[in-house]
Amino acid sequence: MAKKTEEIQAQETKPGFNIATFLQGTKEELDKVVWPGRQQLISESAAVILMVTMSALLIYLVDNLFNWASGKVFG
C-alpha cells in the first residue's frame, strides 16, 4: 500500500510535460462544463451589449460635462 502511494507521488512530482496527460485532463475538465442553451446565450449576450452601451453612454456624457466645465473655467 505504501509503495503505491510512493509511486503516485513520484509520478505527480516527475518533471516534464506529458501531452497525453494534458489532453486527458483537458477532456475531463471540458466534460464538467455546463454549456448554456440558446435562450440563455441570447439573453446574456443582450445583457452584456446593453451594459456596455450604457457604460459607453455614461462615459461620453461625463466627458462632455467635463469638457463643457473646463471650457467655462479656462475659456
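Which side chain does D31 meet in a salt bridge? I looked it up in the model, which is a predicted one. The partner is K27, with 3.0 Å from N to O.

**Entry: where the pair sits.** I placed D31 and K27 on the chain and found both in helix α2, which covers residues 19-32.

**Entry: other pairs.** How many salt bridges does the rule count? I got two. Besides D31 with K27, I noted E29 with K32, where the closest N and O atoms are 3.2 Å apart. E29 and K32 are three residues apart in helix α2, so about one helical turn separates them. Side chains of opposite charge can pair when their charged atoms come close.

**Entry: exposure of the second pair.** Is K32 buried or exposed? I read a relative accessibility of 59% for K32, so K32 counts as exposed.

**Entry: the whole protein.** I listed the secondary structure and found three helices and zero strands. Along the sequence the pattern reads α-α-α. I also looked up what share of the 75 residues is buried, and the figure is 0%. The protein exposes about 7,400 Å², and I noted that carbon and sulfur atoms supply 67% of that area.

Terms used
Residues numbered from 1 in each chain as written. Predicted model: local features only at pLDDT ≥ 70, side-chain atom pairs only at ≥ 80, totals over all residues. Heavy atoms only, no water. Salt bridge = Lys/Arg side-chain N within 4 Å of Asp/Glu carboxyl O. Helix = DSSP H or I, 4+ residues; strand = E, 2+ residues; numbered from the N terminus. Buried < 20%, exposed > 50% of the residue type's maximum accessible area, 1.4 Å probe, protein only. Areas by Shrake-Rupley, 256 points an atom, 1.4 Å probe, with all protein chains shown as cover.
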